[in-house]
Amino acid sequence: TGAEAIELFKLVSESIAKHLFGTDRPAREPDLGRYARQSEAEWARVKRQELADAGGFWKDHLFGAPGDEIAYDILLEHPEYPRFLARQAELLDPRPGEHLADFGCGTGNLLLALLDSYPSGTAPQSITFLDLVPEAVARTEEKVRDWHLRGGRPLPPLRGLVADLEISRLAAIEDFLNGRLHGVEGLVDRVEGLDGATARKIVARYGKELHAILRGAPAAPQRVAELCPGLEEGEVEAILEIGRAARFLLGRTLPEDLRSGVSRARTAGDLCFRHLRFGDASPRVCLDLPDGSFDRIGSSLVLPYLYDPLATLREMHRLLRPGGTLVVSSIRPNFDPSKLYTEGAEILAREENDPSSRKLEALRHFANTVSRLIELEEDGRFRFYDGPALAALVSEAGFSRTHVFHAFGSPPTAILVRAEKEA
């Protein structure tokens, strides 16, 4: 559905038509609304893939199989990746004496690019780096300390935090309770398991009592079915689960909300959810960091992999000081990972002093992981953003002076967005 893919297929269609019929026949633009409705209807018939162990998945993505010493860092062998990192550092433009943060630090490559951009003898006031994978936080700190020892640069205070950058799967429910969403449809794409078809049925029958149920008022399934005829059994249960999540946030959890054997709900994992997925989110929907902690926040290729990136961007907005700068990036929709793989394999083959077997195996593992990400994107678990979509998301989170850039190869495979928090 990406604009570039559509233009490519139009060109192919027109070329085939000219070959077959000997005349120029312009290709028509597809009806993307109709496509979206059809796709939604098809997905409603099947079970989507789930990422049950997100920490394990990302550890495997970053560090590969046991004994693999290269893993994700195989990308550093391709000249476009260091250039991509340097471009993000250039846009972030960190200054000496500022507080710097890397959200989703991975193996520390963006942070090193940022540190390399500092003039000799200078450094940030402090460095904070966060990731869901503990080994990633440890690897990043190790690389920063090596950077300090190699170049004799000042080493500022380091703070590595193991944190889920999803922030909280309950953030969308809190936004709904606080009136920050434009109705129930605002929960779609932010609450995993709630689809657009169900939301439209709710909107069509929306009223005072249904509104109260969604906001935590107890109700029987029969009553929900009476209020909203046409709902299937699973959709009725999804409505009741939204209310259950609301009660949890409001501190009004009922005994029947709890899973068997649980006496007290500490996280969403202690509650009964069959259709909606909130993970182990706690009632605290923000990171344990004070407002205005940072002058610059970078986040490289992280947002597409979060189910609710808007909540994460709003948290970044809270943590930036007025006048602070944000740089985020995303792989573009419809990108072809095979080009990076084949180019990487050719680069490794040209290395004269290394048989490259370990590196080639690491490259294969990375390519396989990217293929899995594309499958999960098809399932709606991940989203790769084009420029306008990513810029709109950043603006919705409260940022201003938003600018879009392209990078990472030719044609570019990544979108970069630079934005600021109003002073």
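A salt bridge is counted here when a side-chain nitrogen of Lys or Arg lies within 4 Å of a carboxyl oxygen of Asp or Glu. The model is predicted, so local features need pLDDT of at least 70 and side-chain atom pairs count only at pLDDT 80 or more, while totals for chains, interfaces and linings use all residues. Residues are numbered from 1 along each chain as its sequence is written, and side-chain values use heavy atoms, with hydrogens and water left out.

By this criterion the structure holds 33 salt bridges. One of them pairs R401 with E420, whose closest N and O atoms are 3.5 Å apart. This pair links distant parts of the chain, 19 residues apart, with R401 in strand β6 (residues 400-407) and E420 in strand β7 (residues 414-420); strands (E, at least two residues) and helices (H or I, at least four) are DSSP runs numbered from the N terminus. R401 counts as partly exposed because its relative accessibility is 47%, whereas E420, at 18%, counts as buried (buried means under 20% relative accessible area, exposed over 50%, and partly exposed in between, with a 1.4 Å probe and protein chains only).

R401 also forms a salt bridge with E422, the closest N and O atoms being 3.9 Å apart. Because E422 lies in the segment after β7 and R401 in strand β6, this pair ties together parts that are 21 residues apart in sequence.

Elsewhere, D175 forms a salt bridge with R190 at a closest N to O distance of 2.9 Å, joining helix α7 (residues 171-177) to the loop between α7 and α8 (196-204) across 15 residues. Both D175 and R190 are buried.
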